[in-house]
Amino acid sequence: MKETTERYVKVIADALESKKGQDIQVLKVAELTALTEYFVICTATSTTQVKALADEVEYRLKKDYEVAPHHIEGHDSASWILLDYGFALVHVFLESARTFYGLEKLWKDAIPVDVESL
């Protein structure tokens with residue numbers, strides 16, 4: 001299962017990169033919380049891009065692996081969209097929202113993951 005989860009996280013990061021997501025960070029939080037294994041955090045430059053990034057992640061996992069999110073939050077406001085896949089929480093932020101919520105600071109004990117190593 002670990003290899004599958006890592007493959008999915010790589011697909012998520014690649015999908016975000018393909019739509020010009022900025023400052024993509026993958027944090028391994030499995031040792032810190034029972035919520036998920038990974039956070040994938042990304043910045044978008046507009047609400048349109050926030051939606052496009054989230055939609056691309058959802059499309060790629062559904063099309064290629066038949067994996068759908070358990071839950072999606074924030075699609076209406078589009079300053080922060082959260083895709084909950086169970087194994088990973090994908091956070092797509094406008095820069096102002098990312099700075100305000102400061103997930104990297106809140107989860108500073110998480111292990112940064114080099115996406116290329118997955």
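Predicted model: local features only at pLDDT ≥ 70, side-chain atom pairs only at ≥ 80, totals over all residues.
Q: What radius of gyration does the chain have, and what would a compact globule have?
A: The C-alpha atoms fill a box of roughly 35 × 35 × 25 Å, taken along the principal axes. A compact globule with 118 residues would have a radius of gyration near 13 Å, and the value for the chain agrees with this because it is 13 Å.

Q: What percentage of the residues of the chain count as buried?
A: A residue is buried if its relative accessible area is under 20%. Of the 118 residues, the buried share is 44%.

Q: Among contacts between residues at least 6 apart in sequence, what percentage join residues at least 24 apart?
A: A contact here means heavy atoms within 4.5 Å. Among contacts between residues at least 6 apart in sequence, the share joining residues at least 24 apart is 60%.

Q: How far apart are the mean positions of the positive and negative charges of the chain?
A: The chain has 13 positive and 20 negative charges.

Q: Which residue of strand 2 is the bridge partner of Leu 27, and which residue of strand 6?
A: Strand 1 (residues 22–28) is joined to strand 2 (residues 38–44) by five bridges, and the two run antiparallel. Strand 1 is also joined to strand 6 (residues 111–113), again antiparallel, by three bridges. Leu 27 takes part in both pairings: its partner in strand 2 is Phe 39, and its partner in strand 6 is Pro 112.

Q: Which residue is the bridge partner of Tyr 38 in strand 5?
A: Tyr 38 is the partner in strand 2 of Lys 28. Strand 2 also pairs with strand 5 (residues 88–94), in the parallel sense and over seven bridges. In strand 5, the partner of Tyr 38 is Ala 88.

Q: Why is strand 2 described as largely enclosed, and which of its residues are buried on each side?
A: Seven of the seven residues of strand 2 are buried, so the strand is largely enclosed by the rest of the structure. In a regular strand, side chains alternate between the two faces of the sheet. In strand 2 both faces are covered: the buried residues are Tyr 38, Val 40, Cys 42 and Ala 44 on one side, and Phe 39, Ile 41 and Thr 43 on the other.

Q: Is Thr 5 buried or exposed?
A: Thr 5 is found in helix 1 (residues 2–18). Leaving aside neighbours within four places in sequence, Thr 5 is in contact with Glu 37, Tyr 38 and Phe 87. Its relative accessibility is 0%, so Thr 5 counts as buried.

Q: What is the phi of Asp 23?
A: Asp 23 is found in strand 1. The residue is partly exposed, because its relative accessible area is 47%. Asp 23 is not a glycine, yet its phi is positive, near 45 degrees.

Q: Is Glu 66 buried or exposed?
A: Glu 66 lies in the loop between helix 2 and strand 3 (71–73). It is not a glycine, although its phi is positive, at about 55 degrees. A relative accessible area over 50% counts as exposed. Glu 66 has 72% relative accessibility, so the residue is exposed.

Q: How far apart are the C-alpha atoms of Asp 64 and Ile 81?
A: Asp 64 lies in helix 2 (residues 47–65). Asp 64 is partly exposed, because its relative accessible area is 41%. Asp 64 and Ile 81 are 17 residues apart along the chain, and their C-alpha atoms are separated by 22 Å.

Q: How far apart in space are Ala 34 and Gly 86?
A: Ala 34 is found in the loop between strand 1 and strand 2. Ala 34 has a relative accessible area of 84%, so this residue is exposed. Ala 34 and Gly 86 are 52 residues apart in sequence; in space, C-alpha to C-alpha, the distance is 9.9 Å.

Definitions and conventions: Residues numbered from 1 in each chain as written. Heavy atoms only, no water. Pairing = 2+ DSSP bridges. Helix = DSSP H or I, 4+ residues; strand = E, 2+ residues; numbered from the N terminus. Rg over C-alpha atoms; globule rule 2.2 N^0.38 Å. Buried < 20%, exposed > 50% of the residue type's maximum accessible area, 1.4 Å probe, protein only. Lys, Arg positive; Asp, Glu negative; His and termini not counted. Charge placed at Lys NZ, Arg CZ, Asp CG, Glu CD.
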